[in-house]
Amino acid sequence: MSVDAERSLLSPADRRRPIVRSSFAVVTVIVLAGLVVTGLGPLIWLVKASVSTTQQILTDPLALLPAAGVQLQNFVDAWGKARVGTGIGNSLILAVGCIVASLVVCVSLAYVLSVLRPRWAPVLGALVLATLFIPGVVILVPLYLTVLELPVTGTSLLNTYWAVWLPAAASPFNVLVVKRFFDAVPRELFDAAKVDGAGPWRVLFSILLPLSRPILVVIAIFSGFAAWKDFLWPKLVLPAAGMQPISVSLVDMARNTDLAVQMAALLLALALPLLLFVIFQKQFLAGVALSGGVKE
């Protein structure tokens with residue numbers, strides 16, 4: 001056996017034994033079945049509860065099928081009376097704005113740190129890295145006071161989408177991920193472009209951004225999903241009910257809405273993220289690898 005052979009708990013000789021192969025197959029099936037039940041079980045139950053009556057959810061929550069038939073009226077009530085459509089629309093506005101703001105800020109800052117490299121770039125890079133070690137709850141009050149009354153102008157961003165877009169744009173994690181990707185691009189490309197007379201803007205838009213399309217898609221996905229599921233910050237800066245995203249409106253809905261309608265509203269709120277994950281699952285899984293390191 002070569003030194004470079006892949007190591008595992010079972011050697012190739014053990015795998016050739018019938019009892020080992022059958023036992024390994026059984027264990028694999030059991031583990032996969034457990035993962036499927038754990039991952040899909042709550043979602044399947046939510047689908048069943050969303051088309052059931054409140055009485056059945058409370059009296060027989062583990063029933064396989066709704067005893068009173070499929071209650072599609074729950075979705076109509078959730079969309080109309082519970083205003084789930086307004087919450088989803090607000091979440092889409094917040095997510096799209098956070099994606100655009102995050103891409104602009106992260107690409108600009110990463111371009112300065114990785115390509116332009118001014119004298120103060122190491123200091124700025126160290127400051128960006130240092131912010132990763134600051135818990136979010138520590139800066140919550142200062143950030144809220146800043147949004148409440150902006151420095152110099154004195155204006156307030158409360159009940160405006162800017163109060164969510166601007167803080168989400170300054171993500172040090174996204175900046176460092178994009179910077180590491182830019183660092184992996186051969187600098188010979190930049191030197192050749194400069195010899196041909198290309199300026200910094202031309203290098204960015206004509207060379208770097210086309211090569212960085214995979215990491216930009218990853219940052220967009222991360223930013224969009226983070227904005228969609230965020231609760232605390234939109235709850236603080238968007239007190240007006242008509243501007244709150246679905247993550248906030250679902251909590252307020254629970255106080256005065258029927259349980260079955262709540263389940264239908266939860267399913268409607270999950271439908272769009274699940275659909276986007278199915279469509280962009282390759283980019284999403286690739287982003288996990290890119291966030292941990294960039295291939296040279």
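Modeller: Happy to! Lining the second largest pocket are 14 residues, and those nearest its centre are Ile99, Ala220, Gly224, Phe225 and Leu276. Helix 5, helix 12 and helix 15 (259-279) are the elements that each give two or more residues to this lining, and helix 12 gives the most, with six residues. By class, the lining has 13 nonpolar residues, one polar and no charged ones. The volume of this second largest pocket is about 290 Å³.

A word on where this comes from: the model is predicted, so local features need pLDDT of at least 70 and side-chain atom pairs count only at pLDDT 80 or more, while totals for chains, interfaces and linings use all residues. Residues are numbered from 1 along each chain as its sequence is written, and side-chain values use heavy atoms, with hydrogens and water left out.

A pocket is an open set of points on a 1 Å grid over the protein atoms alone, where a 1.4 Å probe fits, with protein on both sides within 12 Å along at least five of seven lines; lining residues have an atom within 4 Å of a point. A volume is the space filled by probe spheres set on the points, which are joined across faces, edges and corners. Ala, Val, Leu, Ile, Met, Phe, Trp, Tyr, Cys and Pro count as nonpolar, Asp, Glu, Lys and Arg as charged, and the others, Gly among them, as polar. Helices are DSSP runs (H or I, at least four residues), numbered from the N terminus.

Now for the largest pocket, which holds about 1100 Å³ of space. Its lining has 36 residues, and Ile139, Leu143, Pro167, Ala168 and Ala170 are the closest to its centre. At least two lining residues come from each of helix 5 (84-116), helix 7 (140-148), helix 8 (162-169), helix 9, helix 12 (213-229) and helix 13. This lining divides into 28 nonpolar, seven polar and one charged.

Helix 9 (residues 172-184) also contains aspartate 183 and lysine 179, four residues apart and so separated by about one helical turn. Their side chains meet in a salt bridge at 3.0 Å, N to O (a side-chain nitrogen of Lys or Arg within 4 Å of a carboxyl oxygen of Asp or Glu). Aspartate 183 is partly exposed, with a relative accessible area of 33%, and lysine 179 is partly exposed at 23% (between buried, under 20%, and exposed, over 50%, with a 1.4 Å probe and protein chains only).
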